[in-house]
Amino acid sequence: MADTLNLSDSDRSSSSDQSVTNRSNNRSLRIAEKERRKNEAEDSFVLAVKYFSEVEEGTPVFGNDQLDRNLEVVEKVAFSKGLSPEAISVLLEFAMSLCMGNSPCVRVLKCLIPASVVPQQAVVRAVVWLNVSKIPISTQVLFIKWVLTVFDLIDAKDQLRAIYGFIFSFITEENLCPYICHLLYLLTRKENVHLYRVRKLLELQSKLGRQPFLMHLLSLYKVFCPELVTLSIPSRIRSGFKSYNLPWKSALMGVQKRNGLQVSSSISSAFTVKEKSISRKRKHCHLDLPALSSALNKEPQSDLTSRRKMVPLVQLSSFSQMLKNMHRIELPAQMGSLLGSSLALQYLDCVQEESTLLRLNFWLGCALHEEFLFCSQTSEEALQFLNNLLSVQHFLQEGFSSSEAFLYKFLNVWDGSLLRPQILGLLSNIPVIPSTQIGRLLFEPLTQLFFTSSLFFKCGLMECLNNMLLKWLTWHSVYALEDDLDISLNSHTSINITLSGFKDSVMELVHFVGRLASLGLQLEGCNTLLLSFILDFYETASDTFLKFDLPLVVMPPPGVFYPALLATDPVSVDRLAYIMHRYKLNLTSAKSQEKRTEAFHISRQTFLEFNHYLVFMVNCLWNCRMFHANTDLHVREELLHKSNVPQPWARFDFIHHPAFMSYAVDFHQKCWPGRKAVDLDSIKQSKPWSWYLEYLFNQGFDGLKDFVHSSITKQVTPGDERGDSQRR
Amino acid sequence: MEPLGESVMRTPHNGAVVQRRSKTRSYRRSYRSCLGTTSRLCLTPALTTRRLNASRRAVKPQTLTERVDPAHLALLVKSEWQLSYVTPLYQFRHTQLKSYSKQLSAFIVAERQQGLAVEVSELQNSYRVSLSVLQGLTESENDPETVLIQIHSKPLFAKQDEPQRSVWSGWLTCIQGSPEYLCSLSKDFTCLPLFGSRGPEYLSRVVKSWFQKTFDCCFGPLEINHTSLQWFVALWVDCHSQSNIQHLKMLWTVPAEPPLQIMYTVDPQDAWDLWNSVKKEEAAKEAEEVGCIELEEVSGYLEALKSHFYRHFRLDLSAGILTQVSTALGLAKDTGRIKMSNSRHVIATLTLLTECALLKMPI
């Protein structure tokens, strides 16, 4: 201490020397003056601290000007800048040793505002003084309150924990008890919990009654050693310790702010007892997430010493803490409680044990069955529960088997409207079903629901099936690669669904959606909204090979293709063009790879279907040969004649297509502003035609752009009938 | 007639559990496991459909008194039980029952006096709980031993020297549980799917909550459905030759306005004669299955009873549902209450109920 004091003395003199040389400058003079004053203050502070470190025991307090002056200096520094660790050590030692009696002790304690940290050593010494000197109870309380306030700033806690038993012994002092309990709460580790301490606390409890501080400490003991003590906390009890009226708190925060330090977590947030929901009539008892609590009956083989080292999941409050203890985390008594905490979910993601997941599934399955299958009603709790489950599954990127099993049953009794978004969300999470089962489990109930429900349900289901397909394909693309590396090592394991099995399931799903979509569009009069959801699905389905590495391409049925092509809104046609473009890319790249590796085979039928669609599309939009002999659309000659439509074969080209007509008119006006009569056919001239296409592409029809660029090779005028679609 | 409880049930497959444990992480979550067993959160490679058995053995006269402690048997037989189903218990050990007793009694005391902590090892003087194995009450070797729970307590205003009385009792059992299901569970789980309790509701609640917290299981009410009640009718009437059923009483609820409840009582001899007439035809056909009662026989018998009723009262009971069945051998209600009056039929009754409970398992 003395060394540092000398050092700052010499610092002062050197800086004052400097100030003399810089006298010429007024500004620097002012700075120097300031510096000097500051140094003077520091100087007096150093002297004051020195005084407290050297003052002899028994020095009179009254009439001691020196003491008063030094106290004032210390207080001033403490409340403005805070005290250094060394100063705190000195002052705490001075106060707790009752060197000059109680009154300066209290005054010193009240101004112990740390600037940075509090040395543990000083606190430990002070605690020892508690027992040695005859400190009045009120002062003892003040001291413990101070320790609680600065607890987070104490630089280490190992030595404090080492004297846990010593601190525990103060618990019998009635006035100190609440504060000691709080301090113990902050210090307790598993190894501190012993039967004799439990008994002591219970004895106190019988004397003092239901005291919150005893309850909180005991509930912490229960977390560590549920085999020693049990306790149920009434739901109306507020969680956490009372936040006392602490004199240092505001001053401490002020000092820390001024010093630019991060304001450390206040003591009340050092722990959190989970807030219980307001007790109400429990109709849905199965929907309450169990609270995280430590397991009572551990595996019998784990002996006592290894059990001591385990950390209950409840005790972890941050991700870094969890990482540190990853190898020795003790699972809670009820696995269902993991769903309530985001931290626990992180851990669940790493859990490998099957029985752990089975426990979770039993709980979840039971809750779902009891609340939704055996007595289904909608309520705020049910909604919240399912939303929570959805977000958990979203986080884990997997569905639980119990929710899957539940859905297969629930779909048979569902009316399609109860909790629709949630149920559809859960449904989209179900994993791949073998193609032999998929019809019975999924398609039968869904078909019934689809055809008896509103348009919104149809759209919702389409979205759900799209998500399902997307997840299946993603699983495949992620895990198929790993498997290639692994399969030789584990060739002895039986493979119950092969790649072809997976392909079958995906194909079943896409065909199923094709059937639903065709009929759905008919039922709903080719509703644009429904069509949009259907095209979403085919956007996924068209990219199975390139995006997800699955050698399977399934074309949409005519019931989807034609309504989209002949739709009255340009967006649908544009999206169809994009989908056809993607199909083309997938098919060409699959074909070239097929030739090279011969690992898979894409059905010839698929290519035929694609070419068929492509030819029709090009003929219709580009070549004005819509009613060509070998197309799907057969309209009798007489009927066309009867309709009195001029040039019926050209009614669906880029100019006359109902979706693009308005663009054509607009283009016509811009191209020939002078013309009164609109003659759309004039766009078909070679030059305006290419301008028109450019104009369309600039309207944001990227799908059309891609389609035209990839499928139509010769940029020729449509009238020439020489436009060619590329074929394979 | 209502179709049998058709619920798709997925059972965990043991083989897969063992296989997957040996795998490396990458492989565990790899393609095969993602497809084969659907995903790592799913442990069910095969979808199996489980239904209520369509055929069961007729009750053999069993002398349980030789195997089971008569005191225990008397406890089981004398009273009416409220039934629940329980999912498999995690880390339950039949050897730890003593320590469970202590924990449970401390738990009850702590629940009763909210906010006051209780030492677990201490002997509670307000509640004495004993968990014990009900020796001998098993049928097949897969069945875990039945566990009996008894809670003794002094009445509120009891004299000092008054002894504690039994205030609540319950049991967890599994009689002839589906071996396929039982074997599919890993060793960490003990499957005792049928829970019966008798006593104040708050104690049932506390006991259930302790089991949930300690063994991570779930409880749900077990109703005895229409079909199961019909089975009880047949099983009990079939016993008439061994022990007099005295009467056959059936309570039907008919959906009329106002709701109509019909108590249909049949003379025991008439019931027996009718049963024989229904049964004989079947038995003649399938000689090899002697001693088994088929579902067709049960439904045929019920049809006959209904048509008899119709002849007399012009009221078709098919429109209603059976809500209660009772004979001198026992009583079963659709709300999940059961009374077994004769110790010789305890096993048969519990076998049927175990089956119902297993059907309720979520996975």
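This is a predicted model: local features need pLDDT of at least 70, side-chain atom pairs count only at pLDDT 80 or more; totals for chains, interfaces and linings use all residues.
Residues are numbered from 1 along each chain as its sequence is written, and chains are lettered from A and ligands numbered from 1 in the order in which they are written. Local features need pLDDT of at least 70 and side-chain atom pairs count only at pLDDT 80 or more, while totals for chains, interfaces and linings use all residues; side-chain values use heavy atoms, with hydrogens and water left out.

Chain A contains 32 helices and three strands; helices (H or I, at least four residues) and strands (E, at least two) are DSSP runs, numbered from the N terminus. Of its 728 residues, 51% are buried, where buried means under 20% relative accessible area, exposed over 50% and partly exposed in between (1.4 Å probe, protein chains only). Contacts are heavy atoms within 4.5 Å. Among the contacts in chain A with a separation of 6 or more, 74% are between residues 24 or more positions apart. Chain B has eleven helices and 18 strands, and buried residues make up 58% of its 363 residues. In chain B, 72% of the contacts between residues at least 6 apart in sequence join residues at least 24 apart.

Helix 5 of chain A contributes Asn102(A), Cys105(A), Val106(A), Leu109(A) and Lys110(A) to the contact, and helix 7 of chain A contributes Thr139(A), Leu142(A), Phe143(A) and Trp146(A).

Leu142(A), Lys145(A), Trp146(A) and Thr149(A) of helix 7 of chain A meet Trp248(A), Lys249(A) and Leu252(A) of helix 13 of chain A. Met253(A) also lies in helix 13 of chain A and, at 44% relative accessibility, counts as partly exposed. The C-alpha atoms of Met253(A) and Ile113(A) are separated by 9.5 Å, although the residues are 140 apart along the chain.

Eleven of the 13 residues of helix 12 of chain A are buried, so this helix is largely enclosed by the rest of the structure. Its cover includes helix 9 (164-168), helix 10 (177-187), helix 11 (195-208), strand 1 and strand 2 (311-312) of chain A.

In chain B, helix 5 (residues 97-112) has 16 residues and reaches 22 Å from its first C-alpha to its last, close to the 22 Å expected at 1.5 Å a residue (1.5 Å times one less than the number of residues). Its buried residues, among them Tyr100(B), Leu104(B) and Phe107(B), pack against strand 1 (229-230) of chain A together with strand 6 (118-119), strand 7 (127-134), strand 8 (146-153) and helix 7 (201-215) of chain B.
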